[in-house]
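Here are my notes on the model you sent.

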Amino acid sequence: MCRPVSFSPEGKLQVPVDSPFPSRRPRHSGAVPRIAEESIQRVAETCDIVEVIGSYFPLKRAGTSYRAICPFHKEKSPSFHVNPQRQTFHCFGCGAGGNVFRFVMDYEHIDFPSAVRRLAQRAGVPIVEEAGGPEDDRRADLRKRLLAMHADAAGWFHHHLLKTPSAQVARDYLKSRGINGEIAKSWQLGFAPDSWDALIYFLKEKRYSVEEIAQSGLVSSREDENGEGDGHFYARFRGRVMFPIYSDYGEVIGFSGRVLDAEAKTAKYVNSPETPLFIKGKVLYGLHKTKRALIEAGSAIVCEGQIDLISAYENGVQNVIAPQGTAFTPDQARLLRRFVESVTLCFDSDRAGQEAVTRSLPALLDCGMDVRVARLPSGEDPDSMIRKQGAEAFQSAIGGALNYFDHALERMAESGAMLDPAKITAAARKLGPFVAMISDAVLRESTARKICSRIGITEAAFSSHMKSGPAPQAAPETPSEGAAVRPREMAEGIRMLARLAMASPDIRTWLKGQTTPPLRELGEGGDILEKIVFASQDIENPASRAVFTAQLDASEEATINTLDLDRLPENTAELVRSGWVGLASHSLVAKREATKIRLREAGLGLEEQIRLQGLIAELSKQILDLQSCLSDG
Ligand SMILES: [Zn+2]
C-alpha cells in the first residue's frame, strides 16, 4: 500500500515516520561481539583514513582523493583510491574497498575487533567493552591473563638467554647457527634454565594464580601411580633454547623448546601442549613477521624448523613459514591460502622429510594451492645451506623447485622405478588420489595426462587409480578465507534506491513507510536495501557508517562500498518514488502470476483454492493501489 507522500519546500520527501517493522538492528554477523558502538564510532572519527593508510605506504594526492599502487593485487599503475570525504578506499583493479577498519583488517589480516583495538591504541582512544554472558567473560578474562603470562614468560626466558651465566651453552649454540644478539632480540629467543620451579616462582610473584599457571601449558603436573595429579607442578621447559610462538598478529601464545645437550634422552623439541591460547594445528610459525613478504611474493617457502625460518628471514628470504610439526593440517593450509597461491616445500631430503611432503599434500591441494618441492643438496637444510653457500644459492634452489608431480616423477626416474612394472603400478596408485585432489579441472586433466605419458600407462588405467584412492577431503563448508570477498548482485532499481537511501535520511524514512511488499521482497539485494533503510545509525556520517557496516557480513559491506562509486542522480525524490513503485508492482505482479500458476495445479483442495483466489484478489488490489499512487504524483 502506498503511503501519502508530500514534499518539503526544498523538494525533500516528507513522510510519516512510523514503521510497521519492529525497529531492529541488521542480523548480527558476530563481527562486533564486545566493543561498544560508541567506541567504534569514536575510533572511526579519530582515525583519518588517509593518515592511517599513508602510514603503511605512500599516498599520492590526485585532485580531491589519493592514489597508490594497490596492496591487494599486483599492478603497475595505481588504481587504489582513498577518498577523504567519504573516509573510504577502493581499488578499481581488484574491487577491494571499504572503510578504515576494513583496510586494517585486510592489510593486517586481522578480525574486526582486533582492527578496532589496534586503531584505538594508535589514536589513544579508550575502548569500552560490553559485557558478554558470564561464560564469555570468564573465557575472555582467562585468555587475557594467559596472554599476559606468556608475554611475561617470554620476557623472563629472553632475559635468561641474554644475561645469565648458565645460558652460555645456549648462546654458543645460537651463535653456531648464525644467530647473533640482535636476531635473538628480534625473535625474542630465550633460555629456560635447568630448574624445576624457578619459572613457577617467577609467575607466582607476578600474581598469577595456581589455576592460571596450570592452564598455561608452561608447567606439567607430577602424577602419582593412579594417574591422579598430586597438585605439584614443575616447569615443562628446562635447559632448552626457547622459541616463542606467536599468533598471526604478534602475541606470544606458546613456546617451542629445543634441547641443547645432543646426548640427552629427551625429545629434541618440546612444544606447548594445546591450551586456550594455543592450538598447534592452527598456527604457522613466523607468520606475524612474514605475512607482508608472503603477500608480495604470492608464494610461501615452507621450512621444517624455526632456525631454518629465522636464518632465511634474516638473510633476506622473507616469504617463509614453518608449520608446527612436520605436515600441514587443513587449518594451516587454509590460513596460508589467505596470503599465497603457491607453496614451495623445503623439507629435509631424508625419508622423514619426504613423508612430510606427502602428508602435507592433501591439505594444500585441497585449498587450491600449487605445490612445489625444493631439492637442497643432500644433507643440507635451509639454514646450513644459507650459512655455507649464501642466501642466493638458497633462492636459486627455491627457484628451481619442481611442481610436486614432476618432482615425484623425477625421483622415480632416478631410482630406476620407471623400468619396473610393479613400481609403475605402485606409483600410479600413489599419485592417482593426489591428482584427483587438484581442484582446477584443466590442471587436473593435464597433470594426469603428463603422468600417463611419463610412466607409460593408459589414461583409462590411471583414472581408475584416481577414483580408487582415498576420497579427496570434502571442501570446507565455509568459503575459503583466501577467496576475495565479492560484492553481492543487486537488481538495477534496488541498487539505485540503496544508493539514494545511503545518502539521505529523508529517503530512508520514506522507504520505511513503504510496506507492501516488504523491501526485502523487491528483488535481488532487497535485503541489503532493507538493512540500509532500517539502519539505526546516521549513515551519511562516515564514522557512523563504519559502525553500521561493522554489523554486516563482508559481502554485504563490499556491496555497500560499491554504491559509493555510483554518481548520485538529480531529482532524487521523484526517482525514489517511481523507482520504488516500479519495483513494487513488478514484485506484486510476479507474485500474482506465481499464485495463478499454483491455482491451476491439479489436485488442490477446495480450501487451498479459496485461499489462493483470495491471495490473487488481494495482490490485484495492491497493484491497483500502487498505480493510483503513481497517478497521484
Ligand atoms: Zn587492487
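1. At what angle do helix α22 and helix α24 pack, and how far apart are their axes? The angle is about 75° and the axes are 11 Å apart, for α22 at residues 526-533 and α24 at residues 554-563. That makes α22 roughly perpendicular to α24 (65 to 115 degrees counts as roughly perpendicular). Axes are lines fitted to C-alpha atoms over the stretch in contact, and angles run from 0 to 180 degrees between N-to-C directions. Helices are DSSP runs of H or I with at least four residues, strands are E runs of at least two, and both are numbered from the N terminus.

2. Basis of the values. This is a predicted model, in which local features need pLDDT of at least 70, side-chain atom pairs count only at pLDDT 80 or more, and totals for chains, interfaces and linings use all residues. Residues are numbered from 1 along each chain as its sequence is written, and side-chain values use heavy atoms, with hydrogens and water left out.

3. The α22/α24 contact (heavy atoms within 4.5 Å). From α22 come I528, K531 and I532; from α24 come E556, T559, I560 and L563. By class, this contact has four nonpolar, one polar and two charged residues. Ala, Val, Leu, Ile, Met, Phe, Trp, Tyr, Cys and Pro count as nonpolar, Asp, Glu, Lys and Arg as charged, and the others, Gly among them, as polar.

4. Helix α11 (residues 306-314) and helix α14 (residues 382-389) cross at roughly 35°, and their axes come within 7 Å. I307, D308, S311 and A312 of α11 meet P382, D383 and I386 of α14. The classes here are four nonpolar, one polar and two charged.

5. The zinc site. C70 (SG), H73 (ND1), C91 (SG) and C94 (SG) are the protein donors, 2.1 to 2.3 Å from the zinc ion. Donors are N, O and S atoms within 2.8 Å of the metal (3.2 Å for Na, K and Ca). The site is tetrahedral, with angles of 104 to 119° among the four donor atoms; four donors count as tetrahedral if all angles lie between 85 and 135 degrees. The spacing along the chain is C-x2-H-x17-C-x2-C. H73 lies in the loop between β4 (65-68) and β5 (80-83) and C91 in strand β6 (residues 88-91), so the pair ties together parts that are 18 residues apart in sequence.

6. C91 is buried, at 1% relative accessible area. H73 is partly exposed, at 23%. Buried means under 20%, exposed over 50%, partly exposed in between (1.4 Å probe, protein chains only).

7. R86. This residue is in the loop between β5 and β6. R86 is partly exposed, with a relative accessible area of 32%. R86 and R545 are 459 residues apart in sequence, but 9.7 Å apart in space, C-alpha to C-alpha.

Notes. Tetrahedral: all angles 85-135°; square planar, octahedral: opposite > 155°, others 65-115°. Parallel < 35°, antiparallel > 145°, perpendicular 65-115°, else oblique.
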